[in-house]
Amino acid sequence: MMLLALAIPWFGGIVVALLDGRKRRTGLVAIAVLAASFIASIVNGIAIYRHGAQEMVAGGWEAGVGITLRLDTLGVAFTVLSLGVLLAALAFEVANGVQTRVFPALVLLMATGLTGLFLTGDAFNFYVFFEISMIAAYVMTSYGGQPRQLRASFIFAVVNLIGSVLFVIGIAAVYHITGRLDMAGIRDQMPLVSTSPAILTATIIFVAFSIKLGLFPFHFWLPPVYTGTTPAVAAILSGALANIGTYGILRFGGDLFPRELARGGNVLLILGSLSIVYGALQAISRGSAGEVLAYSAIGQVGYILIAIGIGGRAGFVAAILYAIINSLNKTALFFAMNLRGWIVSAAFAIGAFSVAGVPPALGFFAKLALFRLGANERDWWVVALVFIGGAMSFIYMFQLYGWRFLKPADGDETPTPLVAQLITGAVALALVALGVWPEPLLALSQHAASVLPGVAP
Amino acid sequence: MSTAMTQHVARLLLLPIFMIAIAVIVKGYADTGDGFAAGVIAALGVLLQYLAFGHEAAERMRIVRYAPLGALLGLIVALLVAFVPMLFGKPVLTHTPGVGEHAVHFGTLEFITPALFDIGVFLVVYGFAVGAIGAIARSYEGEGPR
């Protein structure tokens with residue numbers, strides 16, 4: 001039963017690929033498939049939370065010979081999050097009317113890729129599922145078919161192919177220095193590897209994930225892509241696909257290369273700080289909603305990196321919590337970006353509060369976790385950064401809110417379908433509900449971080 | 001640049017190319033070869049038809065028209081081989097008959113579920129490659145000297 005969450009969207013995606021995605025019925029079938037997979041991953045998650053991680057080697061071979069599949073809380077948490085975001089985005093797009101026949105199938109195939117990637121215990125298998133989700137993303141960014149989208153899709157494909165090549169070089173290097181591809185084997189072998197090849201390999205893999213995440217020096221592709229695509233695709237890219245970057249840095253850094261991560265911690269802190277400041281300054285100075293949110297995404301990722309850079313158990317807990325909250329924030333904001341109506345307006349305000357870290361929105365706990373981390377470590381730089389970054393995100397979010405929702409409607413905008421408004425509202429409601437009752441989420445990120453051995457700071 | 005000679009040779013070569021592709025799958029159980037390589041070889045045979053006859057004539061062939069459908073079918077077959085063992089409580093991709101158990105032989109080909117998986121992979125690779133060749137050929141329609 002443990003791979004049901006993987007099998008359902010895979011078979012479902014093939015069937016949906018045969019149908020015409022523009023028809024409402026196909027969209028509903030795809031939603032049902034994705035919802036089934038989402039529920040299966042939650043059921044799996046509960047089982048693992050109670051009974052501990054599950055492992056399976058394909059074909060019943062020995063570990064190290066066959067491909068290992070491993071379900072632990074970290075992987076399942078990211079699976080549930082990503083499938084949830086994909087489900088909301090698919091429902092949102094079906095409510096708005098799907099424009100191409102392949103879109104629902106692409107969402108399902110991306111769900112397959114992401115689920116496989118979060119549940120694999122093998123570095124090369126990770127790459128394979130990574131490519132499955134990226135190929136779906138390449139086609140998805142061209143969704144809409146206007147020159148703008150095609151340009152965005154081209155930039156996205158070129159930059160991310162470079163990232164993929166770097167990543168596969170990194171995997172080859174790991175195999176070269178450890179002789180293993182299964183993560184458990186790599187974990188055992190890495191301490192025996194001498195420092196310089198280990199650092200070089202870890203750096204290559206880190207850069208590959210940074211390109212996916214859109215971290216400060218590797219961010220250049222992100223704004224044109226996020227502004228060029230449609231809101232649903234932007235939500236998928238920043239809410240679901242970007243999780244690959246966070247999960248990848250946590251899994252490879254925290255789990256497989258803890259020694260190298262501890263050594264490079266200061267670099268991560270510097271890059272993270274630069275991302276925060278740069279993203280916030282750019283977001284304040286930008287005029288269009290898409291650009292503000294894109295630069296905000298660059299800035300928010302910086303906080304995750306800082307938490308990972310500080311490392312240790314508390315750092316990883318904060319990083320996981322921040323990643324989950326950030327992806328929900330971005331989903332709500334991108335949905336609300338181009339719509340009108342009071343539900344959407346309220347949803348956007350909640351998303352904006354959440355990004356700025358104002359209670360009762362969930363984002364407060366993300367900022368709180370980082371603040372505590374900084375205070376405990378006597379790292380006043382982090383504390384200051386959380387405050388300054390929070391203040392700046394408050395400014396740019398409400399600048400945007402002012403332009404978008406406090407202006408009288410032009411009248412020439414197409415009316416928003418009510419279902420799309422309700423879905424946007426539901427994501428925002430989840431942000432408030434989890435903000436009022438955050439204990440399950442806090443417990444989940446504690447539990448997820450416990451699978452990473454890390455290095456005690 | 002297609003002449004009667006190239007067309008004739010292209011047509012003559014198609015069957016041997018497919019035969020080699022099948023041989024690569026069959027050989028794969030005792031020697032180098034697998035469904036992936038076989039799919040690429042078979043697609044090269046189709047590419048030769050595109051070059052010799054142009055895309056309109058090539059797309060009238062059945063092996064080209066049904067290639068995308070074959071790819072989907074192949075994907076389903078391969079995934080079933082992977083996931084069906086899980087219904088019986090075994091790990092994913094477990095093959096039947098298992099290690100050391102008796103399997104029916106046909107030359108070097110063993111009738112075991114991995115053979116089915118390889119045929120699935122063959123269909124996926126062949127279907128995808130033929131689809132890509134067709135898409136590229138269509139986008140060059142009417143450009144350059146014929």
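## Legends to the close-up views

**The loop of Pro97(B) runs between helix H4 (67-87) and strand E1 (105-106) of chain B.** Helices are DSSP runs of H or I with at least four residues, strands are DSSP runs of E with at least two, and both are numbered from the N terminus. The model is predicted, with local features requiring pLDDT of at least 70, side-chain atom pairs counted only at pLDDT 80 or more, and totals for chains, interfaces and linings taken over all residues, while side-chain values rest on heavy atoms without hydrogens or water. Residue numbers start from 1 along each chain as its sequence is written, and chains are lettered from A and ligands numbered from 1 in the order of writing. The peptide bond between Thr96(B) and Pro97(B) is cis, with omega about -10°. Leu93(B) also belongs to the loop between H4 and E1 of chain B. Although not a glycine, Leu93(B) has a positive phi, near 70°. Leu93(B) counts as partly exposed because its relative accessibility is 35%; the classes are buried (under 20% relative accessible area), exposed (over 50%) and partly exposed (in between), computed with a 1.4 Å probe on protein chains only.

**A cis peptide bond connects Pro359(A) to Pro360(A).** Omega of this bond is about 5°. Pro360(A) is part of the loop that runs between helix H16 (342-356) and helix H17 (363-376) of chain A.

**The largest nonpolar core comprises 168 residues.** Such a core is a set of buried Ala, Val, Leu, Ile, Met, Phe, Trp, Tyr and Cys residues joined through side-chain atoms within 4.5 Å. The residues with the most contacts inside this core are Leu3(A), Phe167(A), Phe252(A) and Phe83(B). Helix H15 (residues 312-337) of chain A makes the greatest contribution to this core, 17 residues. Another core, of 19 residues, lies apart from it and includes Val46(B), Ala67(B), Phe122(B) and Ala129(B). Around Phe252(A), with residues up to four places away in sequence left out, the residues touched are Ala123(A), Phe126(A), Phe167(A), Ile171(A), Met183(A), Ile205(A), Phe209(A) and Phe257(A); contact here means heavy atoms within 4.5 Å.

**Chain B and chain A bury about 1200 Å² between them.** Buried area is the accessible area (1.4 Å probe) that two parts lose on being put together, summed over both. Of this area, 90% falls on carbon and sulfur atoms. Chain B contributes 14 residues to the contact and chain A contributes 16 residues. The side of chain B that touches chain A has 12 nonpolar, two polar and no charged residues. In this classification Ala, Val, Leu, Ile, Met, Phe, Trp, Tyr, Cys and Pro are nonpolar, Asp, Glu, Lys and Arg are charged, and the others, Gly among them, are polar.

**Thr120(A) occupies the loop between helix H4 (103-119) and helix H5 (123-141) of chain A.** Thr120(A) counts as buried because its relative accessibility is 2%. A polar atom of the Thr120(A) side chain lies 3.3 Å from the backbone nitrogen of Asp122(A). A polar contact is a pair of N or O atoms within 3.5 Å; within protein, one must be able to donate a hydrogen and the other to accept it, and residues adjacent in sequence count only if both atoms are side-chain atoms. With neighbours within four places in sequence set aside, Thr120(A) is in contact with Thr68(A), Leu69(A), Arg70(A), Asn125(A), Phe126(A) and Met183(A).

**Arg70(A) and Glu55(A) form a salt bridge, their closest N and O atoms being 2.9 Å apart.** The pair links distant parts of the chain, 15 residues apart, with Arg70(A) in strand E2 (residues 68-71) and Glu55(A) in strand E1 (residues 54-57) of chain A. Arg70(A) is partly exposed, at 27% relative accessible area, and so is Glu55(A), at 47%. A salt bridge is a side-chain nitrogen of Lys or Arg within 4 Å of a carboxyl oxygen of Asp or Glu. A network of salt bridges links Glu55(A), Arg70(A), Asp72(A), Arg187(A), Arg251(A) and Asp255(A). Over all chains the count is 11 salt bridges.

**Asp182(A) forms a salt bridge with Arg180(A), at 3.2 Å between the closest N and O atoms.** Asp182(A) counts as buried, with 5% relative accessibility, whereas Arg180(A) is partly exposed, with a relative accessible area of 29%.

**Arg259(A) and Glu260(A) meet through their side chains in a salt bridge of 2.9 Å, N to O.** Arg259(A) is partly exposed, with a relative accessible area of 32%, whereas Glu260(A) counts as buried, at 8% relative accessibility.
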